[in-house]
Amino acid sequence: MAEGIQIGRVQGKTEGHAEGKAEGKAEGKAEILLRQLRRRFGNLPETTLQRVLKASDDDLNLWADRILDAASLEAVFAPRRNN
């Protein structure tokens, strides 16, 4: 039984580490995107800050790509187009 508990602890620690790493990576992407948005468009509305900080990894990647060509802040966050 003690061996099972030890295995569970190791698995939990590994899973926790992976989750923490993924969260840290997403936070880093969000911070870089916010920095780019501020540099390009100036002060950002609070709603934009919250949207970026709560975004999925896919959305952060999409917006990071769009900032290169977007003429406005609204264009960065435009709904996805179905191709």
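This note sets out points on the fold, the nonpolar core and the helix faces of a predicted model.

1. Basis. The model is predicted, so local features need pLDDT of at least 70 and side-chain atom pairs count only at pLDDT 80 or more, whereas totals for chains, interfaces and linings use all residues. Residues are numbered from 1 along each chain as its sequence is written, and side-chain values use heavy atoms, with hydrogens and water left out.

2. Fold. The protein has four helices and zero strands, giving the pattern α-α-α-α along the sequence. Helices (H or I, at least four residues) and strands (E, at least two) are DSSP runs, numbered from the N terminus.

3. Surface and burial. Of the 83 residues, 20% are buried. Here buried means under 20% relative accessible area, exposed over 50%, and partly exposed in between (1.4 Å probe, protein chains only).

4. Contacts. Among contacts (heavy atoms within 4.5 Å) between residues at least 6 apart in sequence, 51% join residues at least 24 apart.

5. Core. A nonpolar core is a set of buried Ala, Val, Leu, Ile, Met, Phe, Trp, Tyr and Cys residues joined through side-chain atoms within 4.5 Å. The largest one has 15 residues, and the members touching the most others are Leu33, Leu37, Val52, Leu60, Trp63, Val76 and Phe77. Two or more residues come from each of H1 (2-41), H2 (46-53), H3 (57-66) and H4 (73-76). H1 contributes the most, with four residues.

6. Leu37. Apart from neighbours within four places in sequence, Leu37 is in contact with Gly42, Leu44, Val52, Ile67, Leu73, Val76 and Phe77. Of these partners, Val52, Val76 and Phe77 are also among the core residues that touch the most other members.

7. H2. The buried residues here are Thr48, Leu49 and Val52. They lie on the same side of H2 because they cover an arc of only 100° around the axis; the arc is that of the directions from the helix axis to the C-beta atoms.

8. Thr48. This residue of H2 counts as buried because its relative accessibility is 9%. Leaving out residues up to four places away in sequence, Thr48 touches Leu73 and Phe77.

9. H3. Leu60, Trp63 and Arg66 are buried. Their arc around the axis is only 130°, which puts them on the same side of H3. Asp58 and Asp65 are exposed on the other side of H3.
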